[in-house]
Amino acid sequence: MTYEAVIGLEVHVQLKTATKLFCGCRNEFGAEPNSRVCPVCLGLPGALPVPNEAAVIQTILTGLMMGSSIRPRAKFDRKNYFYPDMPKNYQISQYDQPLCLGGEVSLPVLAFPKDAQKEPQALAGKKVRLVRIHLEEDVGKSFHLENCSGIDFNRAGTPLMEIVTEADLTTPEEAFALLTTIREILRYGKVSDVDMEKGQLRCDVNISVRPVGTEAFGTKREIKNLNSISAVRRALKHEIQSQIELVSSGGTVVQETLRWDDARGETIPMRTKEQAHDYRYFPDPDLLPIRTEGRLRTEAERRMPELPETKKSRLRETYGLSEYQASVLASDPPLADYFEKAARSTRNPLTLANLTLNDYLALRQDSPDPMSIPPEYFGQLADLVSDGTLNSRQGREVLAILIQAPRPPKEIAQERGLTQISDSQVLEEFCREAIAANPKSVADFKGGKAAAINSLKGFVMKKTRGQANPQRIHELLESLLREP
Amino acid sequence: MSIAFATIHELRKQLLAKEVHPKEVVESLLDRISSVDSRIKAYNYLHPERALESAEKADVSLPLGGIPIAVKDLISVRGEPCTCSSRLLEGYIAPYDATVIERLRAAGAILLGRTNMDEFAMGSSTENSAWGVTRNPWDLSRVPGGSSGGSAAAVAAQEAIAALGSDTGGSIRQPAAFCGCVGLKPTYGRVSRYGLTAFASSLDQIGPLTKTVADAGLLLEIIAGADPRDNTCEPEPAPSFSTKLGEEIRGMTLGVPKEYFVSGMDPEVEAAMQKAIAHLEGLGAILREISLPHTPYSIATYYLVATAEASANLARFDGMRYGRRAPGCNDLLETYGRTRDEGFGREVKRRILLGTYSLSSGYYDAYYLRAQKVRMRIREDFLTAFRDCQAIVTPTSPMPAFRLGERTEDPLQMYLADIFTIAVNLAGLCAISLPCGFTQAGLPIGLQIIGPMRKEETVLQVGYAYEQSTSWHTLRPPLG
Amino acid sequence: MDHSVPTVGIDVAYVAGLARLRLSPEEIETFGNQLEQVLAYVKKLEEVDVQDVVLAGEEKGFQNRLRLDLALPELSPNEALENAPQQRGGLFLVPRIIE
Ligand SMILES: [Zn+2]
């Protein structure tokens, strides 16, 4: 019998706000322990929460980006359980009236892991349905010391958005693609940086297996607190395999909450939180309900960006880019914007795209801010390359200089003598010299070995120190060799 | 007469006329406290040096300049303990000021000390305190009421000029009635709760306990008004509540709920009430019988709503970040369990259990949600009633102060003592309690005047008219 | 007032566990009886017709009260830790958390 997995995700994303969800403490990673706290987020007697408008707007915006229905009325509830990293021993969350319900995320090919992009699952264009998106407060961070634990409450009370999917996923790669897509959308909306290093995306996964073709769900197990997209893939792979092994050898899956040890590649049952599933949710009497209609929704709509998929197809259609080029550009909205500005100053956006994706990105990695090049210079450079004034190596050289000190690229090329030799007579001289100096290659070519022309071409390029257009040389050599 | 016996208004006059110095006021109160508080135990904590220091610098031109105010021990004052009369908060020093404290400071008030209470405001007798019981100044064998029993006793025993209390189901009004002083519960949302240790968030309000109605109005004006730190606080600034003081109540319609005069009321309380009604009629008010049909459900509703909220509000007291942690525990679970078992008193545990139970899996709809719905019915009762009257008059409590120890282990009997005050909190209304007579044994009896939401000036107007035409408020307990 | 016979059975130990109260057997028994009495009493709420009740906050004309995303002063780490029963290295120390 073959089995398939049924997977649902709960994705927790830290929102990019200046302050925490219910108090004015800064929402900042990496500060001195317990330096971003106040009576509210420490749960001191008498302190009261007041919701941060920006966090509410960002959650509504996320809902809009993912096609959710924005509820006209939402409220906050208390989720009660004791845990030392949670100052009030209840978490303010949203239970039965979240800000967003429903929604859908489709999985583009390039969101899949590279090694799976040619598989049918990546090409299927699957749509994953969302159950809901809600807003809640994060807990503090605990450190395990020798015989006790230490707690830093800087993170306590920071805004956390939870995106819950339907159990629509069937493979680890789909989960990977979903998270990659969600990450891209959230970055588009400037809702979160989704920086894994800083724990800005954390994920709980529910997994069960069932024989292919059956409808009923198997018993699910939950893996909590996965903190990177690739860890989700690895954990799922492991868990699915062990559940299938268990079931196919006649065993039964027991409902359980697990923790993933990424270093050892195994799941470990969690001992606590098991008994505490009686969360006693009730509406937080310290907080008024929220009406989303009006200002909150209008503001979210105003911040609505062009979405990744829309951008990709527009880039393809407007500039004639390939799927790959469009995707890479779209994955980096500031870069895509820059490309589009530069594109206004070139006749050949495709060359511009190549320059951007090959040379510009390579240079950007080790230079501070290449985007300081005025976009029109970048566009002009693309023209110089596409009309043959510069070859691609020279283009790269001019680009490097542009980054140091922006000037019109034509000036740089002339000054450095970088322009290609385009005088046909001069080029013909070099070609004739090559023919004279390489009788063997000439003979080979005339004997039918077309590739022999390459060594003649190499000779010319060497002589011209690269300042010739290889394509032109090729054509010239061919016509000279064909001369009777 | 000792300065300590003065009202805020009297003292203000004397301070402005430089007849007394703020330091003398503080000293006079400290004297009074040292001579009577060993018998009353109204205070948990005093800070004489700090009070004298503020008196030295007091600016008497401010609305409360140089006037000492006592504060119930569950409101946060920066640099001071805030024990809520609980062992669990032993050692805790609040690092911030409650909004009402900021406002008192800005108005020039001097913070004199912290008054005793039922632990976490749970109780009607101030017997549930980790620091000992407070006694009624009129009869030391009786309770002062609760939970703001320390504040009421301090004001009645002339150990404070005025005090702040908090009222969740009658915790200002009932002790005011038992001790023969004035207690005002403002409309829900009128006074910021920021810095008030929460018992039941949707019911709690801070309010004044004073010697006169006019003082209650003045103190309320200082502490009321919008606060961006409390989401449930009304966004409007506080109006002047005292504008109608002295306006006659001739022609005003006052409702008398028929459901409040059924069974269980002490005959002396009932008699005093009938006299008060006659007196109000004598002042020209029109008394009319009204109906609040959901009255029999208010106690049940209250105990479900209040305990559910409390069970979550009190979860933070676990000895992890502040307060007393049980020593010598082996693990986390034991630390939680023993810290809370040793730290909380019996009444608090009882209510946490009830609240936890009523929210637990499977019971939410039947208990908490239903109670919230019945609560809306109770609110509708009042909305309907206020179509026919401008205020409602009732006894504050069905009985005068009871004996110490009389009701501690019969929770239901204790809860029933709050029957006339609870509905006001459930409906979010404002109400005042003021003295309207004494029993044969010399125990004060309280008259409650309930107003619609945001109509504090009406209850103050009616209260003032009654007070100024009677002399109950001038009587003092026989403490020597 | 109605003191009808208790009809509700409460698992006091379970509820105390949820509330992290370590009760003595005496307390479990006493509280259990008292709570059953109170719960029997609150049963009377079932008599009330609560159909079509509009809960607070659901009324018409309701206005949001939200906070602008602006930073306010925090406590210093010293102030924050001042009340900690145990602290070291800027952290609140608590009994070991077992996952
Ligand atoms: Zn904070």
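Here is the tour, with a few ground rules before the stops.

This is a predicted model, where local features need pLDDT of at least 70, side-chain atom pairs count only at pLDDT 80 or more, and totals for chains, interfaces and linings use all residues. Residues are numbered from 1 along each chain as its sequence is written, chains are lettered from A and ligands numbered from 1 in the order in which they are written, and side-chain values use heavy atoms, with hydrogens and water left out.

**Stop one: chain A.** Colour domain 1 (3–300), domain 2 (308–415) and domain 3 (424–481) of chain A; such bounds come from an automatic or database domain assignment. The centres of domain 1 and domain 3 of chain A, taken over C-alpha atoms, are 63 Å apart.

**Stop two: a sheet.** Still in chain A, pick out the open sheet of 3 strands, in the order β5-β4-β16 with antiparallel pairing. Strands are DSSP runs of E with at least two residues, helices are runs of H or I with at least four, and both are numbered from the N terminus. Two strands pair if DSSP finds at least two bridges between them. β5 (90–93) and β16 (282–283) of chain A each have a single partner strand, so one side of each has no neighbour in the sheet. Strand β4 (residues 77–80) of chain A is joined to β5(A) by 4 bridges; show Asp77(A) and you'll find its bridge partner, Ser93(A), in β5(A).

Contact here means heavy atoms within 4.5 Å.

**Stop three: inside chain B.** Keep α9(B) and select helix α14 (residues 419–427) of chain B; the two pack at about 60 degrees with axes 9 Å apart. Axes are lines fitted to C-alpha atoms, for helices over the stretch in contact, and angles run from 0 to 180 degrees between N-to-C directions. Which residues meet here? Ser298(B), Ile299(B), Thr301(B), Tyr302(B) and Tyr303(B) in α9(B) meet Ile419(B), Ile422(B), Ala423(B) and Leu426(B) in α14(B).

**Stop four: from B to C.** Finally, show helix α11 (residues 346–359) of chain B and helix α2 (residues 25–42) of chain C, whose axes come within 10 Å and cross at roughly 60 degrees. Among the α11(B) residues in this contact are Arg346(B), Leu353(B) and Tyr357(B), while the α2(C) side includes Glu26(C), Phe31(C) and Leu39(C).
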